[in-house]
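Biologist: I would like to learn how to read the features of a model like this one. Could we go through them in turn?

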Amino acid sequence: LSGFIHRSSMGMDSVVQFTRLFDSIFDEGTTPIDLVENIYIFCLTWSLGGHLDERGRTEFDEFIKKLAQKVLPKQSLFDSYFDLEQGRWTSWEDLMEPFAPPPGLDFNKIFVPTIDTTRYSYLVKQFLSMSQPVLFIGESGTAKSVTMQNTLESFPSDLSVILNINYSSRTSSLDFQRTMEDNISKRTGRIFGPDQGK
């Protein structure tokens, strides 16, 4: 596959990502067994195939569709998600919220949802539901920061706290440490964290 990172360079990261994404979707007590392969394929697409470029994604999509013994969507697996409630593959467009900016909102605060921001927001929420870290990588100007900020702001403010830290070439580890220490409180001994309940 073009754009695929060799296993020796990647280590077990993709496998760990696969298992955590799978655990966030699959519930042993309630998920019908006939849907497990679809969940498996969805998780495989976004763990092993998530870092691929456009050409690599096309090759990966074709490979998985040939290998699978299931009816998969005609469109790319990267353009589809498996809707567990309906038990079928559907387009990311179905998850997109209609764009309706509130009146009087500053132009620079307007966030227009796209297919990309919708799917990455969904994946972030899945990983955060398992208390797992998330890191976006990609070229400049591809809405990584905006997508993450918008996703984090969608959580109730009484249960979560957002701390934005801007980095530059002049940011030192001490700057980072001070910023963190200024925004967390000491709980006991050497344990620090956000305010209680967040």
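**Reading the features**

Modeller: Start with one residue, in a model that is predicted. Setting aside neighbours within four places in sequence, Cys43 is in contact with Phe18, Leu21, Phe22 and Ile25.

Biologist: Which residues of the largest nonpolar core touch the most other members?

Modeller: The general idea comes before the case. In soluble globular proteins, nonpolar side chains tend to be buried together. Here the largest nonpolar core has 26 residues, and Leu21, Ile25, Ile41, Phe42, Cys43, Trp46 and Trp89 touch the most other members. Two or more residues each are given to this core by helix H2 (13-25), helix H3 (36-47), helix H4 (54-67), strand S1 (80-83) and H5. H3 supplies the largest share, seven residues.

Biologist: How do H2 and H3 pack, and at what angle?

Modeller: Two packed helices are described by the angle between their axes and the distance between the axes. For H2 and H3 the angle is about 140° and the axes are 9 Å apart. Angles over 145 degrees would count as roughly antiparallel, and H2 and H3 are therefore oblique to each other. Their crossing is right-handed. On the H2 side the contact is made by Ser14, Gln17, Phe18, Leu21, Phe22 and Ile25. On the H3 side it is made by Val36, Ile39, Tyr40, Phe42, Cys43, Leu44, Trp46 and Ser47.

Biologist: How many residues of the contact of H2 with H3 are nonpolar, polar or charged?

Modeller: The contact of H2 with H3 has 11 nonpolar residues, three polar and no charged.

Biologist: At what angle do H5 and H6 pack?

Modeller: Helix H5 (residues 115-129) and helix H6 (residues 144-153) pack at about 55°, and their axes are 10 Å apart. That makes H5 oblique to H6. The crossing in which H5 passes H6 is right-handed. From H5, the residues Thr117, Tyr120, Ser121, Val124, Lys125 and Leu128 meet Thr147, Met148, Thr151 and Leu152 in H6. By class, this contact of H5 with H6 has five nonpolar, four polar and one charged residues.

Biologist: What should I look for in backbone angles?

Modeller: Most residues other than glycine have a negative phi, and most peptide bonds are trans. Ser131 has a positive phi, near 60°, and is a residue other than glycine. Ala143 is not a glycine, yet has a positive phi of about 70°.

Biologist: Where are Ser131 and Ala143 found?

Modeller: Ser131 has its place in the loop between H5 and H6, and Ala143 is found in the loop between H5 and H6.

Biologist: Is Ser131 buried or exposed?

Modeller: Ser131 counts as exposed because its relative accessibility is 65%, where exposed means over 50%. Ala143 has a relative accessible area of 31%, so it is partly exposed.

Biologist: Is Thr31 buried or exposed?

Modeller: Thr31 counts as buried because its relative accessibility is 10%, and buried means under 20%. Thr31 is found in the loop between H2 and H3. Leaving aside neighbours within four places in sequence, Thr31 is in contact with Ile25, Phe26, Ile39 and Leu84. Thr31 and Glu85 are 54 residues apart in sequence and 9.4 Å apart in space, C-alpha to C-alpha.

Biologist: Which helix holds Asp13?

Modeller: Asp13 lies in helix H2. At 57% relative accessibility, Asp13 counts as exposed. Asp13 and Phe192 are 179 residues apart in sequence and 28 Å apart in space, C-alpha to C-alpha.

Biologist: How many helices and strands does the chain have?

Modeller: The chain has seven helices and four strands. Along the sequence they follow the pattern α-α-α-α-β-β-α-α-α-β-β. The C-alpha trace spans about 55 × 45 × 40 Å along its principal axes. Of the 198 residues of the chain, 28% count as buried. Among contacts with a separation of 6 or more, 48% are between residues 24 or more positions apart.

Notes. Residues are numbered from 1 along each chain as its sequence is written. This is a predicted model: local features need pLDDT of at least 70, side-chain atom pairs count only at pLDDT 80 or more; totals for chains, interfaces and linings use all residues. Side-chain values use heavy atoms; hydrogens and water are left out. Axes are lines fitted to C-alpha atoms, for helices over the stretch in contact, and angles run from 0 to 180 degrees between N-to-C directions. Angles under 35 degrees count as roughly parallel, over 145 as roughly antiparallel, 65 to 115 as roughly perpendicular and the rest as oblique. A crossing is left-handed if the near helix is turned anticlockwise from the far one by less than a right angle, and right-handed if clockwise. Contact means heavy atoms within 4.5 Å. Ala, Val, Leu, Ile, Met, Phe, Trp, Tyr, Cys and Pro count as nonpolar, Asp, Glu, Lys and Arg as charged, and the others, Gly among them, as polar. A nonpolar core is a set of buried Ala, Val, Leu, Ile, Met, Phe, Trp, Tyr and Cys residues joined through side-chain atoms within 4.5 Å. Buried means under 20% relative accessible area, exposed over 50%, partly exposed in between (1.4 Å probe, protein chains only).
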